[in-house]
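Subject: Structure handover

Hello,

The structure we discussed is below. My notes on its cavities and one of its sheets follow.

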Amino acid sequence: MNVQGQTLSWQLQAGIIELALHREPCNEIGSASLEEFEKFASALDGLERDAHALIIHSEMKPGFCAGADLRELHQRSQAMEKAQAVRGVRDFLERIHRVFNRVDASPLTTIAAVHGVTFGGGFELALVCDLIIADKMARFCFPELRLGLIPGFGGIPRLKRDLGNAVVRDLLLTGRSFNATKAQQIGLVSQVVAEGEALRAARATAAQTGKFDRQTAVAAKRFIKPIPHEELRREIDIFCELFSRPEVEAGLKKFVESTDAQPYLP
């Protein structure tokens, strides 16, 4: 089975689903990506019957995912009055949360194979997965504070679930990035591999998980990986409260007018 989309595609082979991100330049998540993520989430019910693992990876050279499409967000906010823009943002966040929660709750063993830029919403997508396998060039960052925002795709509650509060505060409040070695030291990444080898390692790991009884694996995952629904809902509320502030409009304007090749980098 192979489904080809404009921003992402997926295939099922030998019990492993591979979801490939391929929107230039670095898989920014906007309305087009969200629609295709929703199609994938709807297809999961059928795919899961014949699979034991899911791998999410990027075909784009700069990295796994640079996060939300901030240019689209800025254009939409400029095209409508503030209250309407906030309602649109809330709707987008609720939709992306539904998709991410569906993957988070999947009975499959889910693996993010990451390289390069894994920032903002891309970092949050990786956090949805059970395991993160990173090549040595991967970098992780929440740059949202420089826009006057917090992560909005579920990153804070999931990071709190997986790591200590000191790490969460460091990433959130400083905006600085962690490299793959640091990420492994703090328990964020399960494996660090050579440059360009993350997908190969993820495939080997996915094959290993297929050797065990599925019901046992599902029970174990449910026990060790609860979904923090209440905190996820609160995150959306806080994001929307912050989005209405003029500082956010100024931050987005500065971002879209930047001449830097990668204005989201620290």
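The largest cavity is lined by Thr7, Leu8, Leu21, Arg23, Asn27, Glu28, Ile29, Ser33, Phe37 and Cys65. Here a cavity is a set of points, on a 1 Å grid over the protein atoms alone, where a 1.4 Å probe fits but cannot get out, and lining residues have an atom within 4 Å of a point. This is a predicted model, in which local features need pLDDT of at least 70, side-chain atom pairs count only at pLDDT 80 or more, and totals for chains, interfaces and linings use all residues. Residues are numbered from 1 along each chain as its sequence is written, and side-chain values use heavy atoms, without hydrogens and water.

The volume of the largest cavity is about 50 Å³, a volume being the space filled by probe spheres set on the points, with grid points joined across faces, edges and corners.

The second largest cavity holds about 30 Å³. Its lining consists of Leu19, Phe37, Phe40, Ile56, Val99, Phe100, Val103 and Leu125. Helix 3 (82-104) contributes the most, with three residues; helices are DSSP runs (H or I, at least four residues) and strands likewise (E, at least two), numbered from the N terminus.

As for the sheet, four strands form an open one in the order 5-7-9-10, with mixed pairing; two strands pair if DSSP finds at least two bridges between them. Its edge strands, each pairing on one side only, are strand 5 (63-65) and strand 10 (178-179). Strand 9 (residues 139-141) is antiparallel to strand 10 over two bridges, and Arg139 stands opposite Asn179.

Regards

Notes:
On a 1 Å grid over the protein atoms alone, a cavity is a set of points where a 1.4 Å probe fits but cannot get out, and a pocket is an open set with protein on both sides within 12 Å along at least five of seven lines; lining residues have an atom within 4 Å of a point.
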